[in-house]
Amino acid sequence: MSRVIKQWPWLILGLAVVIALLAPLLPTQDPYYQSLLARNLAPSAQHWLGTDSFGRDVLARLVAGTRLTLLVAVAATCIAFVGGVGLGLLGCLAGGVTRTVIYTGFDMILTMPAILLSLALMVALGVGTGSVILAVGIAFMPLFAYVTRAIHERESAAGYVTAARVIGVSPLTIAWRHVLPNAIGTLLTQIAIVMPRAITTESVLSFFGMGVAPDVPTWGRIIATAAGFAEQAPLSLLFPVLALALTTLSLSLVGTRLRDTLDPLGKQLAAGA
Amino acid sequence: MHVFFKTAPFLLRKFLNIAAISFIIFMLVRAVPGDITDYYSARGDYDANALLALRQQLGLDDSLPMQFMTWLKAALHGDLGESMRFGTPVATMLRDALPNSLLLSGAALLFGLVTGMSVAVLALAFPAWRLGKLLESLNVWSIAVPTFCTGVIVILVFSVWLRWLPIRGQLLLPVIILGIDIAGQVVKPLYEELCATTRAPFIRTARAKGLSNWRIAWRHILPNSLSVVVAMSGVILGGLIGGTLTMEALFSLPGLGSLTLEAIHGRDYTVIQAAVMLLAAFVVLINIATAALQASIDPRLARHHE
Amino acid sequence: MSGPLLSIRDLSICYGDKTVVNGISFDIQPGEVLGVIGESGSGKSLTALAALGLLPDAPQLSGELRYRGEDLLQMAPTCWRRVRGRHIAIVFQDPMTSLNPLMTLGAQILEAMPPDRTRSREERTLHATQLLREVGLPEPSHQLSRYPFELSGGQQQRAMIAMALACDPQLLIADEPTTALDVTTQAQVLTVLRDVQKSRGMAMLFISHDLDAVLAMADRVAVMRHGELLEQGTAQAIFNDPQHAYTRALTTAHKRRLSGARQKNTNNVQGLPLPLVRVNGVSVEYGSGRNRKRVLHDINLQVAAGSTLGIAGESGSGKSTLAKAIMGLVKPATGRIEVCRTDPARPADRKAFARTCQYIFQDTAGSLNPRHRILQALLEAVQIQQGGATLKIGDLTAHCAGLLSDVGLDAELLQRYPHQLSGGQRQRIVIARALAMEPKVLVCDEPVSALDATVRHQILDLIMEIKKKRNLTLIFIGHDLAVMEDIADQLIVMQQGRIVEQGEAHSLFSAPRADYTRELLQASHLSRSTPLTPYAEPCANGARLVKLAHINR
């Protein structure tokens, strides 16, 4: 039993994913239904966790929030991955001016803290779920680009890659047979590192009202609504905060464990970045 | 100091950085459909003719690059325009808000660095105290959990439940929350760097020379490990900026953060432009200062910058 | 005082249940040089660290280690500071990492001196300058304010020696002091050590894996292997009359180098041999924009079919770059290269070129993918060599087994991973993989430099045997002229990207024309009793100091 408890990050993560996937099917109330009469109610048989300041069922919003928050984070991480690895690879393989231009661009993005950059992007794009996904995705592209470059440099210098070239193996086969298996570990770890940061960034943006639309129940948004009524309805504040904290915590721990097993290169990168 | 470090190409690149970022932010801000006049018309203050005149007066009908040049010229003279909502000079608003934010972030940074470095050094010097677990938890918490979560929990515990401190207007809780966040970010890399340096060959040489443990720690281990803290300044800065914004919002403190957020909600371009620019310039300045600091700590970098 | 300076009796060092040093005993008399020879894992460095109480990770120690009669192992831990640096000093292997990168040399040397109220800072700085002069660093007073990274490897090691001498120790331990350095620099640093030892009358414990260096430096020699002390005696006795089988293996390999007894490969090509490899006016540049550097300048050479070309040089000479250019891995900026009438950088068919010219690496571990089994590594080559022919997997496996037996390995190694094999086995596999392509030309880039001495000549014998059997054309690259003496028909000596001397191997060896060739020759035969001719130490501002050095026996 204690061995199971030691793996608690995986458990919490699993729980979150399951809830996220099943959310539309679960028999909760409508998370968008407002009732001015039922505002800030304590937990009851009808509302297991009470209601918030708009009369919406807290539990329902929490469940929907799990799905939406994770969805936004996954989508943003995908955009960061595709953009970062794609452009990074292009820069590395093309070399010369293309490489300088691409990586200088990423340098500039990286000088700005992710929060500031996504804030600026959100001001331009306007509030909304799509915009948040795009803004957060762009903010984290440089991380994937740098990992791609590090992998490229490591593998180009690797003796066995040179040996394969000398034998006459075609570059494509070399990439598939030698480079990719070593690269996958590093990339997976990077995904596991970026995703909790994506969740956090979206939550902060939504908390400030610069993220998803006001009634969309991602955890950041729920916390923002509930924060103003901390004294009247502390539970409506406590649960989303706990959900956010535990999920990001679990994701981070899973990420570091992955990195320790799969990928010593990532450790050096994290220390340097 | 290090003359070869401040070479023209380096500074030029940094200036281009600020210029490019400010232009991009300018474009982003102005790219929003709808502008201040919509805000006014929604409030019903002006009629159609007055709105038109307002647009011309504010120069909103010029092309975007044109608007940027106008703004840039004025900015270089210290004139950052006037708030579109209140008509007060933006420079004054910034000047009033800035000290509060600087106080909060400065105090938090100091507290965080001192705490983080102390815990790391103590963990190394007194392994018997088993500070490793504390270190690890602190680090994971501050990386994973956003400051506003911690802030909310602290408010719930200390202000709502225990009623020890009021929610609004006090600096103590925000400084501690932000400080611990920074300490958590710094403590683990510093500890690992200290451990790694202790195992380095030149420490073995120092021992072979018969030096005292004290001298080895002060003169050999610590200076060689501090560079990792300086290298983290980018990450720390990011957390500091986001954290200051959050704390000002949660604890209703007057400062740059609240100023920016209110301006965003009110579509007050001039204020948003100036505030975000200020933050961006600040970030770049810190980057330059960090690079200079790194070069002065490690002479190898002074010769091979970039 | 009478009696030995350092006396070790039955010293054992254990980490848990692993015994890394097992009951060794030896003495060092005052003013005597004891050389300890052993390969990696012999425990020789750990013995040295034990004498200073610097063993890592707190092992269990037993036995006696007496310095001037006092048993250091029984001492209170705080008393070590009295001994370290003051009585016993040590010079480590890699000076770059053994010096604090953030402190100036002067600060580090001053720090090593004993705390002394009677001397002012100026006096101590003067002493530091004198120490740097003693070890042969040019402009000693300027060097004090320099940082380690500003110095070359040889200069850094001299600085480390100066630092060790700061307290006038009675015993100097030198733990592989020259292993990390270039060959010619090695000779210079060893000369410094010997001079310093003689002029101060210090005792020295000289540790190395290089028998040549040990015989050049030591009065008495001890041989260690796997934590045991196999035998000890005077250098002459060990050299002429080794008792233990292992010692015999070491000295035999060494003597063969000296006497050139290896079977000279007779050139079995009749008539005018055709040049298979032609290099005309080739230059290679690295980097781009501001950082563009020319690493090879105007190289011209030819290799006749069936002959062996030796390319000798140190790091920075460009020899590896030349090898890569011949293999087509780098493109020359100027000139032409022709291998079997093909341009290696732009072959019509890369696979066809791979079947003419192959490459043996220095880094055995790096050139095999750690995730692939040996069978996979060999199959990759065999499949290309077979071209389109589809063979059954069973036939392919048998073919690979055949390749392994050609290099003297057992077929069962096919299922192993690289990290499970020794350095020598890996190098044989790299050779097997190269041979799988059935090349006509074989380029070997320092193939034995990373191997232990006893394994080295086995691999060299293997290469020569293969060359004869398959009538290959061999291009052999290395820094050890003693090895080339036996192998090469033609020889090229390179320095800093240029050819310094080239010609018939045996005429070069008997009558070298260039100074640098002479330096290289001397560096590879340190223990020969002929006195060295004057050689030059290039110093920072370009002027050359000439220093006479004799290594006496």
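Predicted model: local features only at pLDDT ≥ 70, side-chain atom pairs only at ≥ 80, totals over all residues.
Local features need pLDDT of at least 70 and side-chain atom pairs count only at pLDDT 80 or more, while totals for chains, interfaces and linings use all residues. Residues are numbered from 1 along each chain as its sequence is written, with chains lettered from A and ligands numbered from 1 in the order in which they are written.

**View 1. The elements of chain B.** Chain B has 14 helices and 0 strands. Helices (H or I, at least four residues) and strands (E, at least two) are DSSP runs, numbered from the N terminus. From that end, the order reads α-α-α-α-α-α-α-α-α-α-α-α-α-α. Of the contacts in chain B with a separation of 6 or more, 74% join residues 24 or more positions apart.

**View 2. Chain B against chain A.** Here 39 residues of chain B are in contact with 36 residues of chain A. Contact requires C-beta atoms, placed from the backbone, within 7 Å. Helices that each supply at least two residues to this side of chain B include α1 (8-30), α7 (147-161) and α13 (269-297). By class, the side has 33 nonpolar, 6 polar and no charged residues. Nonpolar covers Ala, Val, Leu, Ile, Met, Phe, Trp, Tyr, Cys and Pro; charged covers Asp, Glu, Lys and Arg; the others, Gly among them, are polar.

View 3. M84(B) sits in the loop between α4 (64-76) and α5 (90-125) of chain B. M84(B) is buried, because 23 other C-beta atoms lie within 10 Å. The cut-offs are 20 or more such atoms for buried, 12 or fewer for exposed, and partly exposed in between. C-alpha to C-alpha, M84(B) and A263(B) are 9.3 Å apart in space, yet 179 residues apart in sequence.

Definitions and conventions: Contact = placed C-beta atoms within 7 Å.
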